[in-house]
Amino acid sequence: MSNKSTPTERRIILKNADDPNYSNKISCYLREGGYAMLKKSFKMKPEEIGAEVLKSGVRGRGGAGFPAGMKWKFLDRKSGKPIYLICNADESEPGTFKDRQIIHKDPHQLIEGMMIAAYAIQAKQAFIYIRAEFFEGARILESAIDEAKAKGFCGDKILGSDFSCDLVVHRGAGAYICGEETGLIESLEGKRPNPRIKPPYFPAVLGLYQCPTIVNNVETLCNVKHIMEIGGDEFAKIGKPNNTGTRIWCVSGHVKKPGYYEFECGALTMGEMIYDVCGGLLPGRSLQAVIPGGSSSKILRADERFSGKLKDGTDFDWGVEDIPLDFDGPMAAGTMSGSGGIIVMDDTVDMVEAMANINAFYAHESCGQCTPCREGSLWMRKITQRMCDGGAREEDADLLLSVANQIEGRTICAFGEAAAWPTQSFIAKFRDRFEDKVKNPERKKSSLQLI
Amino acid sequence: MISKKNSKVVPIVLDGKEVEVPEGMNLVDAAALHGKEIPHYCYHPQLSVAGNCRMCLIEMGTPMRNRETGEAILDDDGSPRIGWVPKPVIGCATNVSPGMHVKTESEKVLGCREGVMEFLLVNHPLDCPICDQAGECRLQEFATDYGRGYSRFVERKNVKPKRTRLGPRVTLDDERCILCSRCIRFCQEVPKDDVLGFVDRGSFSTLTCFPGRELDNNYSLNTVDLCPVGALTSSDFRFKMRVWFLKDADSICPESSAGCNTTVSSREGELYRITPRRNDLVNDSWMPDSGRELYKSVKSNNRILSSRIDQNPCTADEAIIESIRLLEGKKIGIVGSCKSSLEEQFLLNQISLKTNAVNFIRGHFEEDDGILLSADRTPNLRGALISGFTQNYPKDNLVSLSQALDQNQLDVLLVIDEDLEAAQVDIANLEGVPIVFIGTHTNSTSNRASVVLPSLTTFEKSGTFVNRSFYAQVFRQAVPGPAGVLPDLSLLSRLHNGLTEDEEISPDQNSVWKVMNNVSGSVLKEISLTDVRKDAVLLDSSKWSDLPFVESKALHFEPATKVEA
């Protein structure tokens with residue numbers, strides 16, 4: 001592994017973010033050529049921008065990886081109702097901390113991307129839905145919007161044109177479910193963020209206030225700016241086919257240099273990320289497991305092997321370290337790249353305790369609307385909690401799996417899967433640890449308090 | 001509401017069998033049309049679709065089509081290939097489309113139901129032995145039909161408040177709540193009184209009223225009926241009676257001209273509760289809270305329980321003979337009642353016609369709530385018109401009677417239930433005029449009457465009411481009347497037969513209907529009692545379209561557009 005050279009980052013979104021001479025003030029942004037793409041875009045027709053985004057193949061960075069251009073195409077433009085643009089800045093997936101960097105360090109990039117997107121879909125009102133805990137981020141965005149408005153990049157008659165689009169920062173109240181786009185819309189409307197049933201409430205048709213609405217992630221909207229800069233075709237050349245552009249990976253856990261790293265999609269493997277980019281594991285530790293895309297993605301066991309055929313027809317036979325970091329790589333390994341939150345666990349981690357913490361999170365965050373997720377998530381939490389408290393039974397692993405299977409695919413939103421996949425994969429891959437708890441119920445001295 | 005009434009039908013394949021269902025209908029209703037139950041909790045045909053209980057998960061597929069040519073893709077055997085949706089879908093939010101395939105009994109579907117049932121019960125207190133809903137509880141029913149039959153849950157259950165007062169009439173047991181949100185949607189959509197909501201998240205979610213608010217609207221008890229489990233209970237009915245002991249009778253609410261269809265429940269002659277009965281043409285599945293209290297009048301202290309002559313108790317026979325003696329050959333004024341049944345009003349009018357009496361009737365009008373409590377607070381004003389008892393729209397007083405008495409036009413009065421003083425009749429004018437009073441409860445008129453004949457409440461007799469939309473609807477006897485009290489029809493028939501030489505009319509509904517059917521020009525001509533007993537019958541109201549009906553636009557009611565004079 002060390003005989004290869006360390007892969008180098010390609011920073012597009014975070015290009016200026018860590019420059020000591022760069023701040024989140026508009027002066028810095030303008031100095032680096034900011035808002036030039038907005039000017040360029042306003043000389044184009046809105047549908048041309050949509051076409052470029054579609055050509056770029058950029059996939060949503062929020063977790064589902066749905067092509068953004070396609071999402072825009074689904075927008076109901078014939079209804080005559082107002083169209084809304086919402087930036088999903090409710091970054092709440094455990095292990096993910098990329099949007100926060102963008103908001104804190106380069107907020108104008110997001111505003112520019114949003115205004116281009118708003119122009120492209122002809123939205124007169126745009127919102128940034130930011131999670132409650134991002135106090136500082138919300139303040140930064142609010143002052144950035146004020147700056148942008150003062151310079152005519154946002155608000156009334158943008159760049160002196162006839163197009164106006166107001167931009168408002170809306171703070172959430174601290175709920176993971178608000179990251180789900182229909183839950184977010186409900187919350188923005190001032191209600192409990194219970195995700196809506198689809199059909200009929202597809203946001204592109206019946207979104208905010210029952211009007212056509214586009215909800216995009218922070219990183220996705222920033223990409224719009226860069227697509228306009230180099231064109232959809234050029235953008236599509238970054239990364240790999242169907243995995244275009246760069247991705248910001250958030251590495252946390254037991255590595256020497258955790259942090260956020262922006263790479264072209266597929267430019268490096270999981271192994272390179274952990275051992276080269278992040279400096280490897282702590283001394284004397286060995287890799288036990290990796291969660292590749294935020295806590296809801298399925299966990300990978302360090303000694304697992306994955307084989308099969310890729311979409312382009314090539315055979316693959318990977319270990320965890322060989323999984324390419326893009327959208328399709330983790331997918332081929334039976335998990336997902338999700339929001340890009342890579343959580344590395346070394347051999348000191350008690351997997352049952354890790355499971356208990358994840359379950360505690362999902363039980364706490366379930367909105368309580370659908371029966372399977374509401375009851376199942378808390379039940380799984382209670383089981384794993386009991387197992388950690390010395391009450392493990394032999395049948396618990398099977399019970400956990402059965403409960404998770406009763407949640408998956410049976411709920412209104414994807415939270416059901418998010419709650420079920422960790423349990424399903426933990427049991428599938430670490431069943432021995434769950435069974436071992438029956439014989440060795442004592443917690444390790446080094447164990448931390450559970451959530 | 002996703003389901004719409006539609007005459008167009010589309011073919012779907014339901015569990016392998018091709019059936020026809022109305023276009024646009026949801027799968028829960030469509031399957032029910034063909035005898036297949038898709039269990040559900042949160043779905044209610046008259047409320048918006050929430051889709052949260054996940055009990056109605058089914059498998060759904062549509063015939064596959066070639067993306068380029070649009071042609072149907074066929075299997076080897078020539079049948080269309082079905083693209084099954086990989087995840088189960090909820091029947092309540094899935095509308096039928098032509099050629100749709102549905103599985104309601106597959107292993108996957110049964111697995112989903114078993115899973116949802118288990119989840120619903122893990123934090124449920126399972127306190128059926130002390131729960132009012134037991135016996136009419138969807139949790140019990142579906143747990144029996146679709147549940148696993150045993151529990152795998154060994155953890156501690158969540159604890160929630162057991163008796164929260166949501167309003168003056170509704171008490172909530174939070175532990176039993178399955179968070180289906182029916183009550184919340186009802187309050188938002190029917191009485192438009194948005195007071196309920198959930199607080200907290202996940203399994204700890206709790207139903208509550210908004211701060212500083214109460215569930216006190218006049219439709220609050222419908223939430224109790226809607227609640228598929230024992231969470232919302234009626235503070236009045238709570239812990240009074242096991243529902244399996246109750247005997248139900250189909251009735252019509254006598255509170256107003258809305259004519260809500262009701263179920264009156266009793267045990268051993270004792271009334272326990274009144275609940276709405278579904279009728280999509282009249283009251284959907286709702287009724288006002290105030291109408292549910294009416295059963296209490298049956299046992300109220302001022303109920304008239306015995307016949308009286310000059311306020312002294314006597315037998316019914318003696319009272320009837322005395323009545324005939326007072327009325328015979330005199331100038332009679334008859335005060336009818338909009339609370340009487342159509343049959344009673346008709347029979348009363350027969351007496352009037354044959355004795356050349358003068359008819360008087362008053363209306364009881366109050367504020368219209370625009371839903372199911374109409375401005376006309378009597379159940380059968382239109383019956384008085386149809387029976388011929390009055391041609392004019394009743395005023396809310398009996399001043400005309402007072403004037404007639406003042407001019408000495410009347411010798412004697414036959415009064416059905418009305419309080420003459422309350423209807424602005426000058427007491428001085430009543431001096432020296434004997435009154436025969438037929439009614440259920442005492443009032444100033446019964447107190448001064450020469451003869452008092454006790455009669456029965458709506459719950460103790462059968463009859464027909466005609467509601468504000470001119471729907472004729474029958475109500476059936478729920479409990480026997482007090483000992484010795486004759487039904488109104490019997491009393492009137494005795495009076496009729498005693499006062500006239502004509503053919504006798506027997507005091508049963510059928511016989512009265514036969515006579516009513518034979519009246520020339522009657523709107524009841526083509527309608528038999530059997531028809532009305534089967535279902536509400538819309539009567540021809542064109543004769544009365546010019547009358548100043550007081551009801552305003554409400555649920556399932558559109559006032560007739562009056563021609564401006």
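This is a predicted model: local features need pLDDT of at least 70, side-chain atom pairs count only at pLDDT 80 or more; totals for chains, interfaces and linings use all residues.
1. One of the pairs in salt bridge is B:R201 with A:E365, where the closest N and O atoms are 3.3 Å apart.

2. On the side of chain B that touches chain A, α2 (107-122) and β9 (196-199) of chain B each supply at least two residues, and α2(B) gives the largest share, eight residues. Helices (H or I, at least four residues) and strands (E, at least two) are DSSP runs, numbered from the N terminus.

3. With contact taken as heavy atoms within 4.5 Å, 38 residues of chain B meet 33 residues of chain A. The area buried between the two chains, that is, the accessible area (1.4 Å probe) lost on putting them together, summed over both, is about 2,800 Å², and carbon and sulfur atoms contribute 53% of that area.

4. Elsewhere in the description, A:L54, A:F66, A:M70 and A:F74 make a nonpolar surface patch of about 360 Å², where patch residues have over 30% relative accessible area and no salt bridge, and nonpolar side chains (Val, Leu, Ile, Met, Phe, Trp, Tyr) are joined within 5 Å. A:L54, in helix α3 (residues 46-56) of chain A, counts as partly exposed because its relative accessibility is 34%, between the limits of under 20% for buried and over 50% for exposed (1.4 Å probe, protein chains only).

5. Local features need pLDDT of at least 70 and side-chain atom pairs 80 or more, whereas totals for chains, interfaces and linings use all residues. Side-chain values use heavy atoms, without hydrogens and water, and residues are numbered from 1 along each chain as its sequence is written, with chains lettered from A in the order in which they are written.

Conventions. Patches are made of residues with over 30% relative accessible area and no salt bridge: like charges are joined within 9 Å, nonpolar side chains (Val, Leu, Ile, Met, Phe, Trp, Tyr) within 5 Å. Accessible areas come from the Shrake-Rupley method with a 1.4 Å probe; for residues, only the protein chains shown count as cover. A salt bridge is a side-chain nitrogen of Lys or Arg within 4 Å of a carboxyl oxygen of Asp or Glu.
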